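Have the viewer open as you read.

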Amino acid sequence: MRIMAQMSMVMNLDKCIGCHTCSVTCKQAWTNRSGTEYVWFNNVETRPGQGYPRRYEDQEKWKGGWVLDRKGRLKLKAGGKFRKLAQIFSNPIMPSIEDYYEPWTYDYSNLLDAPAQEHIPVAKPKSLLTGEDMSIEWSANWDDDLGGSTEHLHEDPILERIQTEVKAEFEKTFMFYLPRICEHCLNPSCVASCPSGAMYKREEDGIVLVDQDQCRGWRMCISGCPYKKVYFNHRTGKAEKCHFCYPRMEQGIPTVCSETCVGRLRYLGLVFYDADRVTEAASTPNEKDLYEAQRSLILDPNDPAVVQAAREADIPEDWILAAQRSPIYRLINEWKVALPLHPEYRTMPMVWYIPPLSPVVDEVAKTGEDAEDQRNLFAAIEQLRIPMDYLAELFTAGDVSVVDGVLRKLAAMRSYMRDISMGREGQEEIAASVGMTGQEIREMYRLLAIAKYEERYVIPPAHYSDAHSLEGISTDCSLNTDGGPGMGGPSSIFGEDSGADGLTPVGVENFNILKNRAQMDRVPPVEPGRINLLNWDGKGTPDGLFPSDSSGTDRS
Amino acid sequence: MRDVTILDTLLWVVFPYVCMAFFVLGHIWRYRYDQFGWTTRSSQMYEDRILRWASPMFHFGILFVAIGHFGGLVIPKSWTQAIGISDHVYHLLAITLGTVAGVCTLVGLLLLIWRRRSNKRLMGATTLMDKFMFLMLAVVAGLGVWATIANNVFGSYDYRSTISVWFRQIWTLRPDAAMMVDVPLTFQLHALVAITLFAVWPFTRLVHVFSVPVGYLGRPYIVYRSRDDKRVASKAGW
């Protein structure tokens, strides 16, 4: 046994209202730079829907993740190492910018500068790639809330797979939101695809990162990730991805997306797993057994043998305590209500989801029946094949019985707690019908519904001997000098941000950098001195943001 | 044979060494100073349809061109004769393979340049050094193909007893400019521009040539690293 710690997340989809706050705050924190306009480390998809980038789940096209070869061994779906090197000059399965969307801004100055005229002036969209007028045809959330779904919905790869003839009636049937970040997989196919060895999984907390200095822009990681959560910064020529807000997590602070989640639906915590068995679990022959196989990797942090092994593996004492208090462990392995996203990709993802009961509840409520009555809910769970099949395709490689079990637990919790909040005794038989006790139901309710901050996020801070370099922005940071980052701008002769003063995304929390970034949007002339508001951090008054005063001196 | 002038010495003795120094020191400096800028700067995201054909054409072409240059410049005539390859056979092989590879490279490169010029997205992401590099590459490849066709396909200039000898002399630190003075102008120009290209090489995206990821073949699939710089990751991946 080789015990390793993994920082993980669980999202309770029942509580997601699709407000996109997580996406926006994440973007403001990490990807408000030129080259990353289209990059959403966190995005929220409406399901059914195509997702972002379009149809990323269609692995027959994109060939992400792992498959088993004829001998039952794992291999990258896109092909082995030789094949990857042979295709290095032109990656045949890399999404183009059209599969995401062409980033744009608006020409707001026209609203102020337009002469008096018959028609109201408009702010025309301008491409951030070419600086020219463009027509907006797609974006990260084009099919949000099933918008345009009569036109686009049939392109949802999951709906294609469940082959239901009722597709046209889906709108009556169900809709839910799926927030997605990098899965920080136990068996990451992006890492395995990187020819340079620039991508790695951190030993201490399992976070998957790209070494910006070592990345050479071969682009294989983008194809390798079946979730398409590695992005290509088209200005710097390097791969970037969700880093689980590691600079925050190391200080014991939740990720930006979790911290700002309005529905308080995200849970963060540690799990211990047996790294020696990951390959074996990922090679499980039947896709439908992958969920159980992955669950079996996760070790019980209260087992004395596991604690002993953790100590021997130099895992600090407070990390062991944090693992014992971990909400993730309880949701995944004690109550078994959280499920992995697309286990069939065999990457052993570590951002798990509690499937939404709400499509079922809504359906019962529409009939006028009591939607909190356990019997009605159970009956509906049995009958509503469309959402069940769909959820199973997302979370259990199509095994409906697992999703069924989880939804029954959620339904039982609903009914059981209804009695309590009505001042009645909780009915033990409701809890027993899903194999739980009343006590367990109440604890699950506390974690899922009350969701106290300190119970949702159990994040032990990092221990380091290199404290100096971890002070957020270290004191010897070369960015602080005159002529520091961005002074060269995007036309810096070797390409954006090259040089020792070049930036890594982590440094973006520095004000000066943000200011430079905001002014750096110099894609073919969007007029000199203009600010791209998308990239502006809201601080300071960069040149060109405000008109200069009458004396001709600039206010900033 | 014409006398060796000071200009000849400058061009065929001094200049190559100066450029070589730029090449070596430039790479060391860039590697230490600019890891972040050391990338292929791929533009595949912006445009795929032309790239799909042009990029492999250029890259595979230039790989064969490089192998051909190695054979022609480094391996002495006497060696190939010794293993029984007659000059005629060698000549035929060299011009057929060389012309095919050269034309592939040139056509691929011209397609790539046209792709860049015709697409505004790509032009926006093209740096000054990129433009300079494309120009140099095109001139070198163009002169090379021209010199080969003019002097070898429609003639039989024996570069292996002049240019190749001079090339090897550079490495043995005894270059003789006299070897180059009577070489056809096209070859002279090709050589000079190529030497210049080597001098600017470290300052362009061409540095990615030295990052060919052959290490990938021997590496475990999953890479673990420790957060702590001072601790070497103890556990190898699989």
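Predicted model: local features only at pLDDT ≥ 70, side-chain atom pairs only at ≥ 80, totals over all residues.

The notes below go from confidence to fold, then to the contact and the sheet.

Chain B has a mean pLDDT of 91, with 95% of its residues at 70 or more.

Within chain B, helix α9 (residues 185-200) has the highest confidence, at a mean of 96. Helix α5 (residues 120-124) of chain B has the lowest, at 87.

## Chain B at a glance

Chain B is built from 9 helices and 1 strand.

Of the 238 residues in chain B, 31% count as buried. Among contacts in chain B with a separation of 6 or more, 79% link residues 24 or more positions apart.

## What the record says

An unreviewed UniProt entry annotates residues 8-227 of chain B as "domain: NarG-like". That stretch of chain B is 67% helix and 1% strand, and its end C-alpha atoms sit 56 Å apart.

## Where the chains meet

The contact between the chains draws on 47 residues from chain B and 54 residues from chain A. On the chain B side, the elements giving two or more residues are α2 (51-74), α5, α6 (128-153) and β1. Helix α2(B) makes the largest contribution, with 5 residues. By type, the chain B side splits into 20 nonpolar, 14 polar and 13 charged residues.

Which strands make up the open sheet, and in what order? There are 3 of them, running β9(A)-β8(A)-β1(B), with mixed pairing. Strands β9 (208-210) of chain A and β1 (224-225) of chain B stand at the edges with a single partner strand each, so one side of each has no neighbour in the sheet.

Now for the pairings. Strand β8 (residues 199-202) of chain A pairs with β9(A) in the antiparallel sense over 3 bridges, and Lys201(A) has Val208(A) as its bridge partner. Across the chain boundary, β8(A) and β1(B) run parallel, joined by 2 bridges. There, Arg202(A) stands opposite Arg225(B).

Terms used: Residues numbered from 1 in each chain as written. Chains lettered and ligands numbered in written order. UniProt positions renumbered as here; feature names shortened; annotations may be inferred. Helix = DSSP H or I, 4+ residues; strand = E, 2+ residues; numbered from the N terminus. Pairing = 2+ DSSP bridges. pLDDT = per-residue confidence, 0-100. Contact = placed C-beta atoms within 7 Å. Nonpolar A, V, L, I, M, F, W, Y, C, P; charged D, E, K, R; others polar. Buried ≥ 20, exposed ≤ 12 C-beta atoms within 10 Å, placed from the backbone.
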